[in-house]
Protein chains: 2
Amino acid sequence: MPQRSTESVDNYLKAILTLGERQPGRVASNALAAHLGVAPASVTNMLQKLAAAAAPFVEYERHRGVLLSPSGRRRALEIVRHHRLIETFLYEVLDYPIEELHEEAERLEHFISERFEERIAAKLGHPTTDPHGHAIPSLEGEMPPRSSMCLTDVSEGTFIVDSISDRDAPTLRSLQANGLTPGTKVRVTRSPSDSYSVRIGRSTTALDLSPEVAREVRILPLTK
Amino acid sequence: MPQRSTESVDNYLKAILTLGERQPGRVASNALAAHLGVAPASVTNMLQKLAAAAAPFVEYERHRGVLLSPSGRRRALEIVRHHRLIETFLYEVLDYPIEELHEEAERLEHFISERFEERIAAKLGHPTTDPHGHAIPSLEGEMPPRSSMCLTDVSEGTFIVDSISDRDAPTLRSLQANGLTPGTKVRVTRSPSDSYSVRIGRSTTALDLSPEVAREVRILPLTK
DNA sequence: AGTTTGATTTAGGTAAACCTAATAAGTAGG
DNA sequence: CCTACTTATTAGGTTTACCTAAATCAAACT
């Protein structure tokens with residue numbers, strides 16, 4: 001039996017998973033602190049407690065950062081699965097506006113039961129991606145690897161929108177309103193002012209995205 | 001703006017509401033402690049903190065018990081509304097077995113947003129009772145008075161089942177399995193062994209309920 | 001090697017919400 | 001009126017998760 005898991009612990013595990021995916025290897029306490037919005041000292045404290053448990057969720061060494069243990073990874077993926085299933089459910093069944101999905105899911109992900117998870121998954125037909133285009137980890141804790149890249153990583157070309165970050169509600173709202181949704185085809189060019197010019201589908205008008213906004217969009221090469 | 005409300009505070013307010021309805025007047029700390037499953041000292045502590053707030057949820061006086069303030073009552077009814085809407089939703093939309101409704105609702109009632117509340121209410125067509133037959137408080141915090149009585153309050157006669165307590169899952173399961181659900185007509189007689197003999201509808205076989213189980217069932221006079 | 005710098009950890013402290021044990025306050029019975 | 005009993009409160013302590021400020025470590029620079 002792994003150690004007990006609170007809302008706060010869940011959030012640490014999720015953060016370690018996310019940051020560890022962004023930059024493989026050990027995750028630094030400072031990065032965690034920034035990501036979670038807490039003081040670095042709080043992170044050290046928590047990591048020490050987590051690592052000292054009988055069947056720890058993390059492997060931690062002073063000054064060398066932290067890694068998820070297999071059970072920690074399983075738990076983190078379970079929470080991500082909850083989050084994305086809930087978002088999908090709110091969107092599909094309860095007709096939530098897309099920019100309100102994240103906040104509600106972020107709260108509820110910690111409190112739903114296995115049964116709730118199972119029932120909404122069944123109701124939705126066991127979806128594999130959420131409304132933002134993010135992959136939903138399977139019940140067994142598998143997350144299919146995705147080779148998407150950031151819009152800011154390319155200078156120009158034609159791509160398929162893979163996913164859009166769910167973090168920033170206003171940005172999400174405007175991208176959605178402009179039709180920039182997962183699965184749509186886009187033609188990208190870098191405009192003079194350092195912004196990204198995006199033509200959606202075969203429309204003639206272009207959308208101008210600032211680098212900050214462009215960083216929220218992930219794309220796939222057009223394999224046709 | 002009323003004081004901040006945590007999961008624990010919510011539970012205190014709900015308990016004060018429930019006990020205050022059962023026995024009108026001030027609610028004793030000891031009764032609260034028993035109902036909440038915490039030590040009496042913890043109750044005293046919490047009541048003092050609650051009552052000391054700027055816009056308190058309760059009116060409390062040493063050794064004389066506690067009352068809900070108008071805003072406390074509003075908050076308590078909001079939580080009850082959440083609980084009963086969630087139960088209805090789990091039952092109607094997610095096909096939960098009836099005996100699992102309470103536990104899930106008890107957890108989630110504290111964490112859903114106004115939007116979630118509004119959306120499930122709409123989806124369900126703004127129901128006024130939950131699957132156990134309990135009235136759902138309105139958005140404005142009104143709870144229609146119901147003149148139901150306990151099965152144990154009568155010796156015999158014909159009645160309509162009003163509601164069944166959601167607290168004890170096994171009892172609930174067996175009552176449900178035997179067709180004793182809100183709205184059904186029952187003929188009651190007191191059997192020799194101090195138990196309650198209940199004939200459902202016009203069936204000939206009777207269900208024998210112990211006093212403990214009978215106390216979970218509320219009935220209405222048959223106004224025909 | 002010595003020093004600066006930035007990241008990290010230790011030390012000490014706060015706020016909830018609970019606990020137990022000891023005390024005080026009301027309520028009766030003699 | 002006083003003792004006994006029940007009920008409620010105070011006092012002091014725990015755990016979780018956070019904080020700030022002060023130390024320490026590791027890595028890079030001269």
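A word on terms before I start: when I say two residues are in contact, I mean that they have heavy atoms within 4.5 Å. Also keep in mind that what you see is a predicted model.

Leaving aside neighbours within four places in sequence, B:Ser163 is in contact with B:His132, B:Gly133, B:His134, B:Pro182, B:Glu216, B:Val217 and B:Arg218. This serine is part of strand β4 of chain B, which covers residues 157–164. Is B:Ser163 buried or exposed? The cut-off for buried is under 20% relative accessible area. B:Ser163 has 2% relative accessibility, so it counts as buried. There is also a link to B:Asp162: the side chains of B:Ser163 and B:Asp162 are joined by a polar contact of 3.4 Å.

Next, the two chains. How does chain A relate to chain B? Chain A is superposed on chain B by a rotation of 180°, with 0.1 Å of shift along the axis and an RMSD of 0.1 Å. That is the relation of a two-fold axis. Both copies use the same surface, and 100% of the contact residues of chain A recur in chain B.

The axes of α1(B), residues 7–22, and α4(B) come within 9 Å and cross at roughly 95°. These two helices are therefore also roughly perpendicular to each other. Among the residues making the contact are B:Leu13 and B:Leu17 of α1(B), with B:Leu77 and B:Val80 of α4(B). By class, the contact of α1(B) with α4(B) has six nonpolar, two polar and four charged residues.

Which loop holds A:His63? A:His63 sits between β1 (58–60) and β2 (66–68) of chain A. A:His63 is not a glycine, yet its phi is positive, at about 70°. With 78% relative accessibility, A:His63 counts as exposed.

The other is B:Asp95, in the loop between α4 (70–92) and α5 (101–108) of chain B. Phi of B:Asp95 is near 55°, again a positive value in a residue other than glycine. B:Asp95 counts as exposed too, at 52% relative accessibility.

I will finish with A:Asp208, which belongs to strand β7 of chain A, residues 206–209. What does A:Asp208 touch? Not counting residues up to four places away in sequence, A:Asp208 touches A:Ser191, A:Ser195, A:Tyr196 and A:Ser197. With one of these, A:Ser195, there is a side-chain polar contact of 2.9 Å. As for A:Ser147, that residue is 61 residues from A:Asp208 in sequence and 25 Å away in space, C-alpha to C-alpha.

That is the end of the tour.

Definitions and conventions:
Residues are numbered from 1 along each chain as its sequence is written. Chains are lettered from A and ligands numbered from 1 in the order in which they are written. This is a predicted model: local features need pLDDT of at least 70, side-chain atom pairs count only at pLDDT 80 or more; totals for chains, interfaces and linings use all residues. Side-chain values use heavy atoms; hydrogens and water are left out. Copies are superposed by least squares on the C-alpha atoms of residues with pLDDT of at least 70 in both. Helices (H or I, at least four residues) and strands (E, at least two) are DSSP runs, numbered from the N terminus. Buried means under 20% relative accessible area, exposed over 50%, partly exposed in between (1.4 Å probe, protein chains only). A polar contact is a pair of N or O atoms within 3.5 Å; within protein, one must be able to donate a hydrogen and the other to accept it, and residues adjacent in sequence count only if both atoms are side-chain atoms. Axes are lines fitted to C-alpha atoms, for helices over the stretch in contact, and angles run from 0 to 180 degrees between N-to-C directions. Angles under 35 degrees count as roughly parallel, over 145 as roughly antiparallel, 65 to 115 as roughly perpendicular and the rest as oblique. Ala, Val, Leu, Ile, Met, Phe, Trp, Tyr, Cys and Pro count as nonpolar, Asp, Glu, Lys and Arg as charged, and the others, Gly among them, as polar.
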